[in-house]
Amino acid sequence: MVDERAAENRRLLRRLVIAAIGMFGFGFALVPFYKQICEIAGINRLDSADEVRNTQVDDSRIVTVEFDANTHDMPWRFKPLKTSMTLHPGQLVRVDYEVENTLDRPVTGQAVPSYGPQVAGLHFKKLDCFCFTQQTLAPREKRVMPVVFTIDRALPGEVNTVTLSYTFFEVAGTAGAAKGREG
C-alpha cells in the first residue's frame, strides 16, 4: 500500500512538473505570437523613431527664459548657473542654481519665485524646485539645486521672453536665525 501510494505521488509529481514546464514554454511562445497578431492588426506599429515624440511641445515657437537670483538680508551667495536659455513651450527643462552659506553657522532659507511678465507665472509649471521646501545650509556649505519646469503651450503669443527670479529669505525662528540676530 505504501509503495503504491509513493508511485502515485511520483506520477503526480511528474505530471505537475510537465504541466509547469509546459506553462512556462507557453508563456515564452506568447511573445512572438502577440507580436504577429499586433503586426497583422496594425496595433503598436512604429516604422521609425521619428514617430515617437512629445506632442505637447510646440516646435513652431521659441521662448527665451532669463534666470535671476537674489537674497534678502541673507549671508548667502546665490546665482543661476545659466543666465538664460531658449526653449519650446511644452519642453521639459532643468536649470541649476548654486547657493553658498558664507557664515560659520547653519542658516535656513526659503526661496520665493517671481515671474516677468506677471502673466508668465500662470503658464510656468514647476515639477521640481528647491523653492518647494526650506533649505538649511551648514556652515560654508555650497549646494547646486535644480529647477525642473515646462512652460505651457498656452503662454500668450506676444510673450517671447520670460524672467524667472528667485529671492531667498532667511526663515525667522530657526536656531541659525536666532544666533545671527544676537551678534
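These are my notebook entries on a predicted protein model.

**Ground rules**

I am working from a predicted model, where local features need pLDDT of at least 70, side-chain atom pairs count only at pLDDT 80 or more, and totals for chains, interfaces and linings use all residues. Residues are numbered from 1 along each chain as its sequence is written, and side-chain values use heavy atoms, with hydrogens and water left out.

**Entry 1: overall layout**

I looked up the secondary structure. The protein has two helices and nine strands. I note that helices (H or I, at least four residues) and strands (E, at least two) are DSSP runs, numbered from the N terminus. Along the sequence I read the pattern α-β-β-β-β-β-β-β-β-β-α.

Next I checked burial. Of the 183 residues in the protein, 32% are buried. Buried means under 20% relative accessible area, exposed means over 50%, and partly exposed lies in between (1.4 Å probe, protein chains only). The areas come from the Shrake-Rupley method with a 1.4 Å probe, and for residues only the protein chains shown count as cover.

**Entry 2: surface patches**

I searched the surface for patches. These are made of residues with over 30% relative accessible area and no salt bridge; like charges are joined within 9 Å, and nonpolar side chains (Val, Leu, Ile, Met, Phe, Trp, Tyr) within 5 Å.

Which residues gather in a patch of positive charge? I found R10, R11, R14 and R15 there. Lys and Arg count as positive and Asp and Glu as negative, while His and the chain ends are not counted. The charge is placed at NZ of Lys, CZ of Arg, CG of Asp or CD of Glu. I placed R15 in helix α1, residues 2-41. R15 counts as exposed because its relative accessible area is 59%.

I also found a nonpolar surface patch of F26, L30, F33 and I37. Together they have about 420 Å² of accessible area. F33 lies in helix α1. F33 is exposed, at 52% relative accessible area.

**Entry 3: salt bridges**

I searched the whole structure for salt bridges and got six. The test is a side-chain nitrogen of Lys or Arg within 4 Å of a carboxyl oxygen of Asp or Glu. I wrote down three of them, one by one.

The side chains of R94 and D96 meet at 3.0 Å, N to O, in a salt bridge. R94 is exposed, with 52% relative accessibility.

D104 pairs with R140, and their closest N and O atoms are 2.9 Å apart. This pair links distant parts of the chain, 36 residues apart. D104 sits in the loop between β4 (93-101) and β5 (107-116), and R140 in the loop between β7 (135-137) and β8 (142-151). D104 is exposed, at 63%. R140 is partly exposed, at 47%.

E170 forms a salt bridge with R105, and here the closest N and O atoms are 3.9 Å apart. This pair also links distant parts of the chain, 65 residues apart. E170 is in strand β9 (residues 161-170), and R105 is in the loop between β4 and β5. Are the two partners buried or exposed? E170 is buried, at 13% relative accessible area. R105 is buried too, at 18%.

**Entry 4: a buried threonine**

I turned to T108, in strand β5. T108 counts as buried because its relative accessible area is 8%. What does the side chain of T108 contact? I found a polar contact with the side chain of T136, at 2.7 Å. A polar contact is a pair of N or O atoms within 3.5 Å; within protein, one must be able to donate a hydrogen and the other to accept it, and residues adjacent in sequence count only if both atoms are side-chain atoms.

**Entry 5: backbone details**

I checked the peptide bonds. G116 and P117 are joined by a cis peptide bond, with omega about -10°. P117 lies in the loop between β5 and β6 (124-129).

Then I checked phi. D73 is not a glycine, yet its phi is positive, near 50°. D73 is in the loop between β1 (63-72) and β2 (76-80). D73 is exposed, at 67% relative accessibility. R140, already noted for its salt bridge with D104, has a positive phi of about 60° and is not a glycine either.

**Entry 6: H88**

Last, I looked at H88, in the loop between β3 (84-87) and β4. H88 is partly exposed, at 23%. Its C-alpha atom is separated by 8.0 Å from that of I151, 63 residues apart along the chain.
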